[in-house]
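These are my notebook entries on one protein model. I set down what I looked up, entry by entry.

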Amino acid sequence: MSTTDFDTLPPTLRDAARAALADVIGAAPVDAVAPVSGGMTAARLFRIDAGGHQYLLRLEGTVSPLQRLGFEPLESPLRNPHQYVSLRIAAEAGIAPRLHYVNEASRVVVMDFVRRQPLSTYPGGLPALTRALGELLARLQETPTFPYFVRYPDIVGRLWAHVGRTGLFAPGVLDRYSEHFERIRAAYVWDDAHSVSSHNDSIPPNILFDGARLWMVDWESAYRNDPLADIAIVSGSIARTPELEQILLRAWLGGAPDDALRARLKLVRALTRLFYAGVVLSASATTPRTAPDTDVAAPALAELEHALRSGRLKRGTPVFYHVCGKVLLAAFLSDGLGPGFDLSV
């Protein structure tokens with residue numbers, strides 16, 4: 001393997017990567033190494049070609065995703081300690097790609113590399129994709145239950161409180177969102193004894209289509225949770241029409257949902273939207289501003305799309321995250337986020 005492929009890695013992480021590959025492929029020569037983009041994950045990802053097989057080398061390192069966003073200090077990380085247990089369970093169930101190597105101490109994983117095909121090419125279009133996702137989440141929830149980490153409303157609350165502390169917005173600007181969150185939190189009732197295995201970040205970038213079937217990747221946030229958490233995320237990112245939501249729920253339940261479940265789904269979906277608003281606004285807050293923002297007005301989706309197509313707004317920039325955060329805040333209040341907004345920000 002060319003050392004240039006790992007020049008940007010800290011020495012300890014580079015050594016851990018080499019040890020992992022030696023364990024998996026032995027003395028076989030490495031034919032190619034290519035970096036793989038990983039969305040907002042803090043992990044470094046590489047495709048490794050060796051012995052006629054393609055592997056994904058995943059190096060999480062010592063800094064958690066929320067630390068990279070400034071959410072938690074380095075001396076007090078908010079890191080899910082159970083992600084590798086959850087990953088193993090998911091892989092054994094055939095929901096995550098096959099695992100070849102896991103070292104929890106060095107936070108290095110080697111698994112099968114899944115060559116991604118666009119979700120838009122899924123045979124049968126959005127209805128079939130939605131049905132397949134409902135069935136996949138049902139399978140996930142039937143696995144041995146993942147370990148407990150934190151109650152979902154609590155982690156949403158911690159992240160939202162962090163946004164308020166960043167000074168990104170002027171005092172009082174976010175009050176109505178905080179008040180709405182407290183109303184939802186008061187209405188949210190859940191018995192943790194009924195928690196199930198949950199991915200908790202089931203947005204499009206973490207769902208892979210290989211041309212034949214779906215896989216779920218990036219299990220950093222996986223722990224036991226409300227059964228509706230993943231359903232709410234998918235309904236807010238892919239199944240965003242009443243017709244698609246019905247398909248999703250029927251495929252997941254194996255039958256028709258009742259009104260009580262739909263009402264609860266609305267609550268959980270609001271929590272997921274505030275969570276993702278907190279994530280992207282935390283990313284926005286890492287860039288200093290001349291003054292706090294006093295305006296939370298969100299652009300229309302058509303305006304947002306035009307800004308992206310024209311180049312006035314570029315994905316992955318703090319400005320982009322800031323705008324997307326406002327869009328998600330508007331959806332948090334209205335429970336409306338129609339087709340056209342990509343939650344894979």
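Entry 1. I began with helix 3, where Q83, Y84, S86, L87, I89, A90 and A91 are buried. The model is a predicted one. Helix 3 covers residues 83–92, and seven of its 10 residues are buried, so the helix is largely enclosed by the rest of the structure. I then asked which strands the buried residues of helix 3 pack against. They pack against strand 3 (53–59), strand 4 (99–103), strand 5 (108–112) and strand 9. Just after helix 3, I noted that G94 has a positive phi of about 75 degrees.

**Entry 2. The whole protein.** I next looked up the overall figures. The secondary structure comes to 11 helices and nine strands. Of the 345 residues in the protein, 51% are buried. Among contacts with a separation of 6 or more, 71% are between residues 24 or more positions apart.

**Entry 3. Two helices in contact.** At what angle do helix 8 and helix 9 pack? I found an angle of about 105 degrees between helix 8 (residues 242–253) and helix 9 (residues 259–284), with the axes 13 Å apart. Because angles of 65 to 115 degrees count as roughly perpendicular, helix 8 is roughly perpendicular to helix 9. From helix 8 the contact is made by E245, Q246, L249, W252 and L253, and from helix 9 by L261, R262, L265 and R269.

**Entry 4. Aromatic pairs.** How many aromatic pairs does a search of the whole structure find? The search finds six. One that I examined joins F149 and Y223, with ring centres 5.4 Å apart and planes at 70 degrees, so this pair is edge-to-face. The two residues are 74 residues apart and lie in distant parts of the chain. I placed F149 in the loop between helix 4 (125–141) and helix 5 (152–165), and Y223 in strand 9 (residues 223–225). Y223 has a relative accessibility of 3%, so it counts as buried.

I then turned to Y152 and F275, which form a tilted aromatic pair, 6.1 Å from centre to centre with 40 degrees between the planes. This pair also links distant parts of the chain, since Y152 is in helix 5 and F275 is in helix 9, 123 residues apart. Both Y152 and F275 are buried. Ring pairs join Y152, F275 and Y276 into a cluster.

**Entry 5. Charges over rings.** I looked up arginine side chains placed over aromatic rings. The charged end of R47 sits over the ring of F113, 5.9 Å from the ring centre. The charged end of R213 sits over the ring of W215, at 3.5 Å from the ring centre.

Entry 6. Is R44 buried, partly exposed or exposed? Its relative accessible area is 32%, so R44 is partly exposed. Leaving aside residues up to four places away in sequence, I found that R44 touches T8, L9, L57, R58 and L59. For one of these, L57, I noted the spacing: R44 and L57 are 13 residues apart in sequence and 8.1 Å apart in space, C-alpha to C-alpha.

Conventions:
Residues are numbered from 1 along each chain as its sequence is written. This is a predicted model: local features need pLDDT of at least 70, side-chain atom pairs count only at pLDDT 80 or more; totals for chains, interfaces and linings use all residues. Side-chain values use heavy atoms; hydrogens and water are left out. Axes are lines fitted to C-alpha atoms, for helices over the stretch in contact, and angles run from 0 to 180 degrees between N-to-C directions. Helices (H or I, at least four residues) and strands (E, at least two) are DSSP runs, numbered from the N terminus. Angles under 35 degrees count as roughly parallel, over 145 as roughly antiparallel, 65 to 115 as roughly perpendicular and the rest as oblique. Contact means heavy atoms within 4.5 Å. Rings of Phe, Tyr and Trp (its six-membered ring) pair if their centres lie within 6.5 Å; planes under 30 degrees apart count as stacked, over 60 as edge-to-face and the rest as tilted. Buried means under 20% relative accessible area, exposed over 50%, partly exposed in between (1.4 Å probe, protein chains only). A charge sits over a ring if NZ of Lys or CZ of Arg is within 6 Å of the ring centre and within 35 degrees of the ring normal.
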